[in-house]
Amino acid sequence: MSQEHRSKAGFETRAIHAGYEPDAMTGAVIPPIYATSTYKQDGVGGLRGGYEYSRSGNPTRTALEGNIAALEEGERGFAFASGLAAEDTVVRGLLDPGDHVVLPNDAYGGTHRLFDKVEQRWGLANTPAALSDLDAVRAAIRPETRMVWVETPTNPLLGIADIEALASVAHEAGALLVVDNTFATPYLQRPLTLGADVVIHSTTKYAGGHSDVVGGAVVVRDLDLADKVGYHQNAMGAVAGPFDAWLTLRGLKTLAVRMDRHCDNAERIVAFLDADDRVEHVYYPGLAGHPGHEVAAKQMARFGGMVSFRVRGGEEHALEVCDRAEVFTLAESLGGIESLIEHPGRMTHASVAGTELEVPADLVRLSVGIETVEDLITDLDRALG
Ligand code: PLP
């Protein structure tokens, strides 16, 4: 497919075709896994496809990077060994010691830990703020603020931040807006089209989609930013290997159909939980009563596959629900085809216990998979006791 045709193509077409042309030598329709660390040179510096060493570039990784850039409507994509590797490369590649970052006060625990325990020691200060409140973000900004970091929807409380408004606030302050688009995916939300400067992903989640690979990605539009990220991707070296890149690209090809089913199933489960007396509160941006519903409806195509809820009966009941579920597997992570259940307070968010990011003890988080929805509802009904 020509570059011109590709740039006008729909999301599903780009997901299947962008980033790779059938190989000139064999016609392979799917990119080969280039399991090579180095490339023969035709005379010193005579690189055949521009490749010299696989930390700097590998054709399987290039295919993934082109694909995710096309899905996010960016110019350049970069694939990493994990979401956190992508985050660290963006942060230390684009900022300097002495700079300051505004973080969501309900950021993913690992992101908070990276900023607070690792990058703080490198000289980077941070202030957590409620990103759904623009005044709180303005108040957190300091003269040395160079980045505002956004997750929307957030993990695990499904909070919503207005990307377009935050881009204005960040840019007025001379800061970059970085959006972690892991939960929404480019199928539901494209932050670069709303004014964000950088999109990051844990591709471990919906992008890969099958719980079989850990990875991360960065997408940017601005070519100066792309040069800096590319330079640090190579200099810091936390790249995606060719097998991991191949699995992630395979996942992206079916992102649209998977996301539609994740959303369909999540909507049915939310309706069930919302009407159930054993449930205290349901967090889902698709609910009209969710404080971020209108913003979510403006910037997302649908509301995603993540659902959290508080049970009546406190932490003990929340733990029982997690233990009793059978179709929902008790496990960390999210975004795969299979439904997962977890207790954020004791599992994914244990690292933020005692901080202002601590989550309620009676909270249960679901990553709603693409199984038969009636089986999922029956399972939850039984697990609620
Ligand atoms: N961002 C979000 C929203 C996440 O949920 C996660 C992991 O759970 C990460 C980033 C970190 O990604 P990884 O685990 O691939 O390093």
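Let me start with a term: a residue is called buried when its relative accessible area is under 20%. What I am showing is a predicted model.

With that term in hand, take strand S9, residues 306–311. This strand is mostly covered, with 5 of its 6 residues buried. What does S9 pair with? On one hand there is strand S8, residues 279–283, which runs antiparallel to S9 and is joined to it over 4 bridges. If you want a place to look, find Tyr283, whose bridge partner in S9 is Ser308. S9 also pairs with strand S12, residues 363–367, again in the antiparallel sense, over 5 bridges. There, Val307 stands opposite Leu366 of S12.

Next, the ligand. Which residues surround it? The list is Ser82, Gly83, Leu84, Glu87, Tyr108, Asn155, Asp180, Thr182, Ser202, Thr204, Lys205 and Gly215. Helix H4, residues 83–94, gives the most to this shell, with 3 residues.

Asp180 has a polar side-chain atom 2.6 Å from a nitrogen atom of the ligand. Lys205 places a polar side-chain atom 2.6 Å from a ligand oxygen. For Asn155, the distance from a polar side-chain atom to an oxygen atom of the ligand is 3.3 Å. As for cover, the ligand taken alone exposes 390 Å², and the protein buries 90% of that.

Stay with Lys205 for a moment. Its side chain also makes a polar contact of 3.0 Å with the side chain of Ser202. Ser202 belongs to strand S6, residues 198–202. Is Ser202 buried or exposed? Its relative accessibility is 12%, and the cut-off for buried is under 20%, so Ser202 counts as buried.

Now the aromatic rings. A pair of aromatic rings is described by the distance of the centres and the angle of the planes. How many aromatic pairs does a search of the whole structure find? The search gives 4, and I will go through two of them.

One is Phe11 with Tyr187. The ring centres are 5.3 Å apart and the planes meet at 55 degrees, so this pair is tilted. Phe11 is in helix H2, residues 11–17, while Tyr187 is in helix H8, residues 185–188; the pair therefore ties together parts that are 176 residues apart in sequence. Both partners are covered: Phe11 counts as buried at 8% relative accessibility, and Tyr187 is buried with a relative accessible area of 16%.

The other is Phe115 with Trp149. This aromatic pair is edge-to-face, with 5.3 Å from centre to centre and 75 degrees between the planes. It links distant parts of the chain, since Phe115 sits in helix H5, residues 109–119, and Trp149 in strand S4, residues 145–151, 34 residues apart. Phe115 is buried, at a relative accessible area of 1%, and Trp149 is buried at 0%.

One more ring before I stop, this time with a charge. The charged end of Arg92 sits over the ring of Trp122, at 5.9 Å from the ring centre.

Terms used. Residues numbered from 1 in each chain as written. Predicted model: local features only at pLDDT ≥ 70, side-chain atom pairs only at ≥ 80, totals over all residues. Heavy atoms only, no water. Phe/Tyr/Trp six-rings, centres within 6.5 Å; stacked < 30°, edge-to-face > 60°. Helix = DSSP H or I, 4+ residues; strand = E, 2+ residues; numbered from the N terminus. Buried < 20%, exposed > 50% of the residue type's maximum accessible area, 1.4 Å probe, protein only. Lys NZ or Arg CZ within 6 Å of the ring centre and 35° of its normal. Pairing = 2+ DSSP bridges. Near = heavy atom within 4 Å. Polar contact = N/O pair within 3.5 Å; in protein donor to acceptor, adjacent residues only side chain to side chain. Areas by Shrake-Rupley, 256 points an atom, 1.4 Å probe, with all protein chains shown as cover.
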